[in-house]
Amino acid sequence: MADGTAGRVALVTGAARGLGKAIAEALAAQGVSLMLVDVLADRLEQTRAELAATGIRCAVFPIDISLRANCLAAVEATLASYGRLDVLVNAAGLMRFNHAVDVGEDEFWKIMQVNTAAPFWLAQAAIPHLLESQGNIVNVLSQSALMGTAYIVPYSMSKAALLQLTKSLAMEYIDQPIRINAVAPGAMMTEISTGTMPPGNADYAKIKRYSGERPPADPAEVAAVVAFIASPAASGVHGAVWTADGGVTAG
Ligand SMILES: NC(=O)c1ccc[n+]([C@@H]2O[C@H](COP(=O)([O-])OP(=O)(O)OC[C@H]3O[C@@H](n4cnc5c(N)ncnc54)[C@H](O)[C@@H]3O)[C@@H](O)[C@H]2O)c1
């Protein structure tokens, strides 16, 4: 399947910092024009300015993706700015350490809205345009989608649901010119990791089981995998979940 042409356009969520920003940089290096989405307006503008200085076309849409209407508006804004959409990368995410019995309703639903519902609404709005451009979707999962991970139960649930969103959409569009894939990273020392601490009296032996033997990855290493899968070079990749976890889920 020949997806993509010169002048590809990508919408990247979570692009203000961390992995989403690294993905935007990796796509920019391929010459892809960008619509960057994040709730952190100032950091998003900083990312835009850095990328625009490299000569790439780059616009921002600062919104909270936990609202469906905002997700639909982000896709519309991309079409209004560029007239097409070739790649949707769902990289925004929320994680909170907590004992499962202490997770409140707000905390639970916010994680589900950002990590699971928003990628669904964004995909829903993007698919008609991606069919036109023969484009693709890359969902950023986590090793937590593939293994049980103590003290981050709603996060793990949300990423497992995103895995099934990826595979089920891939099957629904198996006969259409669109690719839908996921990348499942392991640990990176971004602010999602540094901004939350295991709860008091957590058993660190349980956390060590998913901490990995290798050092945390640089976001650029994971971004390179995402950018490849999003590129025409990966035209045979559909319905795949690529791990980039330094071997954590290997055994
Ligand atoms: N860092 C890790 O160890 C790790 C491991 C596996 C998977 N991941 C996944 O990688 C992705 C990127 O995370 P990161 O490591 O760069 O962390 P990060 O916290 O630096 O980036 C997440 C981004 O998502 C944005 N975001 C959160 N809620 C939002 C909302 N309601 N609306 C719009 N934007 C919102 C944040 O503002 C932030 O810029 C996430 O999906 C995360 O689950 C991270």
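**Helices, sheet and ligand shell: a short talk**

Let me begin with a contact between two helices, where Gly18, Leu19, Ala22, Ile23, Glu25, Ala26 and Leu27 of helix 1 meet Pro219, Ala220, Val222, Ala223, Ala224, Val226, Ala227 and Ala230 of helix 8; by contact I mean that the C-beta atoms of two residues, placed from the backbone, lie within 7 Å. The residues of this contact divide into 13 nonpolar, 1 polar and 1 charged, where Ala, Val, Leu, Ile, Met, Phe, Trp, Tyr, Cys and Pro count as nonpolar, Asp, Glu, Lys and Arg as charged, and the others, Gly among them, as polar.

Please keep in mind that this is a predicted model, in which local features need pLDDT of at least 70 and side-chain atom pairs count only at pLDDT 80 or more, while totals for chains, interfaces and linings use all residues. Residues are numbered from 1 along each chain as its sequence is written. Helices (H or I, at least four residues) and strands (E, at least two) are DSSP runs, numbered from the N terminus.

How do the axes of helix 1 and helix 8 cross? They come within 8 Å and cross at roughly 50°, the axes being lines fitted to C-alpha atoms, for helices over the stretch in contact, with angles that run from 0 to 180 degrees between N-to-C directions. Helix 1 and helix 8 are therefore oblique to each other, since angles under 35 degrees count as roughly parallel, over 145 as roughly antiparallel, 65 to 115 as roughly perpendicular and the rest as oblique.

Turning to the next pair, helix 3 (residues 68–82) and helix 4 (residues 105–133) have axes that come within 8 Å and cross at roughly 30°. Among the residues that meet there are Arg68 and Cys71 in helix 3, and Trp121 and His129 in helix 4; the residues of this contact divide into 10 nonpolar, 1 polar and 1 charged.

Now to the sheet, which is open, has 7 strands in the order 3-2-1-4-5-6-7, and shows parallel pairing, where two strands pair if DSSP finds at least two bridges between them. Strand 3 (58–62) and strand 7 (241–244) stand at the edges with a single partner strand each, so one side of each is left without a neighbour in the sheet. Strand 2 (residues 33–38) pairs with strand 3 over 5 bridges, and Val37 stands opposite Phe61 in strand 3. Helix 4 lies across strand 1, strand 4 and strand 5, and runs at about 170° to strand 4.

Finally, which residues come nearest to the ligand? Of the 27 residues around the ligand (C-beta atom, placed from the backbone, within 6 Å), these are Gly14, Gly18, Gly93, Thr190 and Ile192. Helix 1 and helix 6 (191–194) each supply at least two residues of this shell.
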